[in-house]
Amino acid sequence: MAKDGERDADADSERNDDLDDESTQGDDETDDESEDDEPDLVEEIQRVIESVAQFGEYRRTQRKECHNLVRRFKLLLPLVEEVRDLAEPIPEKGVAWLRNLRCALLYAKELLKLCSQGSKIHLALETEAIMIRFHSVYDKLSQAFDNVPCDQLGISDEVQEQVELMHVQLRRARKRTDTQDIELAMDMMVVFSEEDDRNADNAIFERLAKKLELQKVDDLNIETMAIRNLIKERKGQQVESTQRIIRVLNKFKRFVGMEETNVLDDPVMPRLHKCTSLVIPHEFLCPITLEIMTDPVIVASGQTYERESIEKWFKSNHNTCPKTREPLAHLSLAPNYALRNLIAVWCENNKFKLPKKDTCLDLESCTIETVEEITSLVESLSSIHLEEQRKAVEKIRMLSKENAENRVLIAENGGIPPLVQLLSYPDSKLQEHAVTALLNLSIDEGNKRLISKEGAVPAIIEVLENGSTVAKENSAAALFSLSMLDENKEIVGISNGIPPLVNLLLNGTIRGKKDAATALFNLSLVHANKGRAISAGIVPPLLQLLKDTNLGMIDEALSILLLLVSNPEGRQEIGQLSFIETLVEFIREGTPKNKECAASVLLELCINNSSFILAALQFGAYEHLIEIKENGTNRAQRKANAILELICRSEQI
């Protein structure tokens, strides 16, 4: 049973430390030949350290981490030289330590080799997985330096101090969360998207080609060979990820006018010949498995993983986030309904079937038992006994959360109409379970239509206005889910669903605010709903989100404001002097994405009202727009340049 304040949160989940241990395959071979010859062992370690310097330039996406790691390699040379010059035979404890160090260095060397010679697209696409490997390297190196037998190895005090300093740096590196290139991640998502209209924006390809250093024919030919090597190494595994890499390679080739070549001409990859060229959006893939998620869940750090993957991680006695490596405040899992709905919509639009989970060895008998249970529960929803209804709706809520088959079975057995009726019951717990069950059921595309046909939208809005805190949050999430169908966007607007969402945005919990913002953004894609949102007073809470940096919702607020600013009433409401000043502040000090969004909003305001140009200048926007024009993201540069042209024209009038 879900606790109050949780959204069907379960307490489990994650995966093994050695996410990519294929890079240690050569370790055992060296162990045998070095076991009885300590000088060879020391020389091998020295060769490993020196060989790293021969790799040359590293891929831009991991360049900083690679340089940090190489720098630590070089710090080891004085230590190795002192051990090599030791007059006496190396003690057994020293030999054991050297073997441990060698294994850690070989593991690190393989990662550095990948970042130097591997596919640039692969490294950019799977940045999160590569960063997890870097953290694993730091773990292994740090463990190797936990107990260095300095006295037995004759290490001088000066080198001991250097070793201890490096040990401290390694421990710090394990705990540090890498700051990703947000702009690169966004551009990769756009390039992979089949639906995004920005896909045709040549500036995005130019920016990506520059970042990945794939602007020339020679670079793309080298990249093609790197991808072929990657395919051979994978031996038919990680098919979806490989398809994505090939697809973006071909996009780059088309962009520079190259003829596409068949990178799948190797016999080790026959499976891919039969697959479509469909590219799965990067955000739909689990950072651990790099496979499309069927049951995405959010951990305490705010990161999303496939439930099964994160549960394996937790069962391996980990209490950290695999991506950030930070300790988790708790191990509860909250279903990511918004992402799950997006995945479901994408799968239906692209006729893509999600992989089935082997949850039952005897699926047929399991289904029969489940059907009987669901049939009985649906009947109990209409019971005259309140307690029986409560138990039934709570159980259906849990079953509808578990898998796609249950969601279909509940709908096919007539579960949706009684659940909609229960939304009107005065019992708050009954309402909460019912609206959450409908939220779970709405993940299925067919169920979305069934739920809306039953007149659920007005009833959900009623719960959104008057329900418990958790019921309000899940009602907002349900409205977002249902409004993934365009016809439901208008239904929610007409049914007066926007005012209570705005109220939740203003007064809700952090989760409630995020649910409300997601729903309002989706609804505001319809022109009529922009006016409704403005009339409902959406602008003040959005401006408040811009001021409260602790909420971490600046990008969400700016994105909604960018939609609303195309509306005349929205421009009038938004275009206050204090807001212009706030935009200029983000243009001056915000993240690359903040600057891009703020410049976009400011441009829309300035195009329609020259007085905003003067206001922006008064708040010192000019010099910061110049800076963005020269050093900002490609899209931000275009927006800044357009604003500067407006400024120039206004001065000539």
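**Entry 1, the model.** I am working from a predicted model.

I looked up helix α16 (residues 337-349) against helix α22 (residues 445-453). Their axes lie 9 Å apart and cross at an angle of about 110°. Angles from 65 to 115 degrees count as roughly perpendicular, so α16 and α22 fall in that class. I then listed the residues in contact. From α16 they are N341, V345 and E348. From α22 they are E445, K448 and R449.

The largest nonpolar core holds 97 residues. I538 and L542 have the most contacts inside it. I followed I538. Leaving out residues up to four places away in sequence, I538 touches V502, L505, L520, A533, I560 and L564. A second, separate core has 47 residues, among them V48, W97, L106 and Y138.

I found two aromatic pairs in the structure. W97 pairs edge-to-face with F145, at 5.9 Å centre to centre and 80° between the planes. W97 sits in helix α5 (residues 92-117), and F145 in the loop between α7 (127-144) and α8 (150-153). W97 and F145 are both buried. F284 lies in the loop between α14 (270-274) and β2 (296-298), while W346 belongs to helix α16, so the pair ties together parts 62 residues apart in sequence. Both F284 and W346 are buried.

Notes: Residues are numbered from 1 along each chain as its sequence is written. This is a predicted model: local features need pLDDT of at least 70, side-chain atom pairs count only at pLDDT 80 or more; totals for chains, interfaces and linings use all residues. Side-chain values use heavy atoms; hydrogens and water are left out. Axes are lines fitted to C-alpha atoms, for helices over the stretch in contact, and angles run from 0 to 180 degrees between N-to-C directions. Helices (H or I, at least four residues) and strands (E, at least two) are DSSP runs, numbered from the N terminus. Angles under 35 degrees count as roughly parallel, over 145 as roughly antiparallel, 65 to 115 as roughly perpendicular and the rest as oblique. Contact means heavy atoms within 4.5 Å. A nonpolar core is a set of buried Ala, Val, Leu, Ile, Met, Phe, Trp, Tyr and Cys residues joined through side-chain atoms within 4.5 Å. Buried means under 20% relative accessible area, exposed over 50%, partly exposed in between (1.4 Å probe, protein chains only). Rings of Phe, Tyr and Trp (its six-membered ring) pair if their centres lie within 6.5 Å; planes under 30 degrees apart count as stacked, over 60 as edge-to-face and the rest as tilted.
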